[in-house]
Amino acid sequence: MNEPLIPILPDTAPFTREQRAYLNGFFAGLYSRSAAPQGSPQDAPLPALVPLTILFGSQTGNAETLARRIAKEAGKRAFAPTIHDLGKYALHQLAGERALLLITSTFGDGDPPDNAKAFWEALKGGSAPGLAELRFSVCALGDSTYPRFCEFGKRADERLQKLGGLRVHPRADCDVDFETPFAAWLEGALSALATADAPRAVPFTATTPPTTIPTAKTGTYSRAHPFPAPLLFNRRLNGEGSAKDTRHLAFGLADSGLAYEAGDALGVRPTNCPRLADEVTTALHCSGDEPVPGRDGAETTLREALVRDYELTRIPQALLQSVADQSGDKALQGLLAPGTNGELAKYLHGREIVDLLGSHPSVSFAPRPFVALLRKLQPRLYSIASSLKAHPGEVHLCVGVVRYESLGRPRQGVCSTYLSDRVPDRAAVPVFVHQNKNFRLPPDPDTPIIMVGPGTGIAPFRAFLEERRTVGAGGANWLFFGDQRAATDFLFREELEAMQREGVLSRMDVAFSRDQAAKVYVQDRMREYAREIFEWLEEGAAFYVCGDASRMAKDVDAALHELVGTAGGMSPEQSAGYVAALKKARRYQRDVY
Ligand SMILES: Cc1cc2nc3c(=O)[nH]c(=O)nc-3n(C[C@H](O)[C@H](O)[C@H](O)COP(=O)(O)OP(=O)(O)OC[C@H]3O[C@@H](n4cnc5c(N)ncnc54)[C@H](O)[C@@H]3O)c2cc1C
Ligand SMILES: NC(=O)c1ccc[n+]([C@@H]2O[C@H](COP(=O)([O-])OP(=O)(O)OC[C@H]3O[C@@H](n4cnc5c(N)ncnc54)[C@H](OP(=O)(O)O)[C@@H]3O)[C@@H](O)[C@H]2O)c1
Ligand SMILES: Cc1cc2nc3c(=O)[nH]c(=O)nc-3n(C[C@H](O)[C@H](O)[C@H](O)COP(=O)(O)O)c2cc1C
């Protein structure tokens, strides 16, 4: 029997009749071209591929990674995909687009990620172009424990439609466990674009811009298959009497094949505190031996699943809804009504699953339906605090241990206390490298840098300084560090002072907030040295910020704008333009959390 040698697209393939005919013609031409004489009718024109623009807005790399997946998948279909970082994409380009997929996270308090901020300002402004020709779909990444879940993706989606774009496939709002909704959205969006009224198709010739599909780094170990890295040491960085508990941890990477660059983060997959899992088991009136599906669907015991697989400290909306429905609790039902986001966030703050179950003893769950309402336990990211060149085969972290009290009970952050308290020496911790291309040393080692990193924000700057020392980089390095008290909280003090003596750290200014009556923060020091900072910027310095996102990073950003205005003699609009230009030139980068 003669098998067809030429693949022919079936009638069910997601293309218009014309596209199918065209592609079938192309395949036919391609398969017989080698045998056909030059210039014969077989030397058919190349196929029309639909140009597809993929835009990503990403702070910590998830959307960027998924953008590459979109391009790879689109490339297998009748598309010619091109990926753009929103930070490098000008608004006027949008007017010329016909097919667009936007994937973006939300950051801060419902804000765009840093690389999307300037684009968003332009897009929402009055001079944004009409987009009557545009067919688009948006994939929003977020975390439903934030009150403004996927807010930026939602707003961008609305705005594209308002400007005249045609939404060919509904937006996906993906929670932290984005794999399944992302895959479903991608399938739907590509099919819709392929079948939507054929967007302008261009022949796929040598003059077509090449698809920019960076090859994803492949390695044996990844987020899905973390490397069991032995804990080499776990050292407390704060002195006796400190209110804080910050740890310097090191892990072995020998034989893992894992590599990282200064600026990358390490993903850690923690387990819950077994005591907390026991409390939840008791609240469910279970023994813990009941069979339930684990995170990967494989059968395990309830106890094991609660320790290893599911998030116990944050209350998922589905569980809250189920408790509200079963209990008939009017207050809870009110919180879940649309438009009461602020109240819901207040209720959830400092409240864990065990509190919710304890306050609704009439509600009962069988183990299986209970775990079906939980979110999978997520890995946590930590900015890497070492240079691989300075510590071959090792990776170091600087972790602030989260402990607080709420509703009269002591609470523990899952991962930070897993690392500080529950991993024995030399025991293996599941880790993976999370690339952060948005936080990189300048390519030219002679470029000066200014680093602002209070508290655990020091982590990537220890890596930067080690890296620059090891490679003998010529650029000057200026660090602003701060924490509560100099006597107990001057993290990595000896190392930093040694680097100052060696001349690697050209300048260090510190702000210890609680050593005097009035608080002093890193941005106060920045204001004191406004003129010098501005001079460094004028000489080409890059400016980096790492640490707390909710307060510090915002205040430092405001101080930067202010000092550019005062030292550079600029109006607020001019200094905003100056800072925006720094960002665009990748000379203002942030790693904030
Ligand atoms: C890119 C990136 C880099 C990071 N780098 C670092 C780093 O270098 N070092 C570092 O220490 N962390 C870093 N983090 C933060 C880290 O990922 C974790 O979020 C942090 O360790 C807390 O995780 P956890 O599991 O211990 O706490 P969780 O169990 O996740 O609990 C934290 C939650 O507890 C709640 N909470 C905390 N304090 C209170 C309070 N007083 N009252 C009520 N509720 C409260 C809040 O809801 C908070 O979100 C980084 C995060 C990102 C995204
Ligand atoms: N949710 C919370 O209430 C809370 C509280 C603390 C930390 N955290 C989180 O815990 C993690 C680790 O914290 P960390 O140890 O890295 O350090 P941190 O808590 O950010 O503190 C480091 C230093 O920054 C100061 N600081 C506080 N507010 C500031 C502001 N607006 N601008 C500049 N500096 C400011 C602190 O001063 P003071 O402490 O004296 O004000 C301290 O001296 C971070 O993710 C942080 O977001 C959360
Ligand atoms: C500091 C911080 C703030 C965040 N704020 C929000 C938010 O307001 N709304 C939301 O839905 N998700 C929020 N997220 C979750 C991110 O959007 C989510 O982790 C996403 O997968 C990140 O994608 P990215 O790596 O492409 O930036 C926040 C995450 C962090 C670390």
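Author: Strands are DSSP runs of E of at least two residues and helices are runs of H or I of at least four, numbered from the N terminus. The model is predicted, so local features need pLDDT of at least 70 and side-chain atom pairs pLDDT 80 or more, while totals for chains, interfaces and linings use all residues. Residues are numbered from 1 along each chain as written, chains are lettered from A and ligands numbered from 1 in the order written, and side-chain values use heavy atoms, without hydrogens or water.

Reader: What makes strand β9 largely enclosed by the rest of the structure?

Author: Seven of the seven residues of β9 (residues 246-252) are buried, so the strand is largely enclosed. Thr246, His248, Ala250 and Gly252 point one way, Arg247, Leu249 and Phe251 the other, and all are buried.

Reader: How do you know that β9 pairs with β14?

Author: Pairing takes at least two bridges found by DSSP. β9 and β14 (residues 394-400) have seven, in the antiparallel sense, so they pass that definition. Strand β8 (residues 227-236) also runs antiparallel to β9, joined to it by five bridges. Arginine 247 has arginine 236 as a bridge partner and valine 399 of β14 as another.

Reader: Why is the pair between serine 416 and ligand 1 called a polar contact?

Author: A polar contact is a pair of N or O atoms within 3.5 Å; within protein, one must be able to donate a hydrogen and the other to accept it, and residues adjacent in sequence count only if both atoms are side-chain atoms. Valine 414 has a polar backbone atom 2.9 Å from a ligand 1 oxygen, and for a backbone N or O atom of serine 383 and a ligand 1 nitrogen the distance is 3.0 Å.

Reader: Why is leucine 407 called exposed?

Author: Its relative accessibility is 53%, so leucine 407 counts as exposed. Leucine 407 is in the loop between β15 (403-406) and β16 (409-412).

Reader: And phenylalanine 492, buried or exposed?

Author: Buried, because its relative accessible area is 7%. Phenylalanine 492 sits in the loop between α16 (486-489) and α17 (493-502).

Note on methods. Buried < 20%, exposed > 50% of the residue type's maximum accessible area, 1.4 Å probe, protein only.
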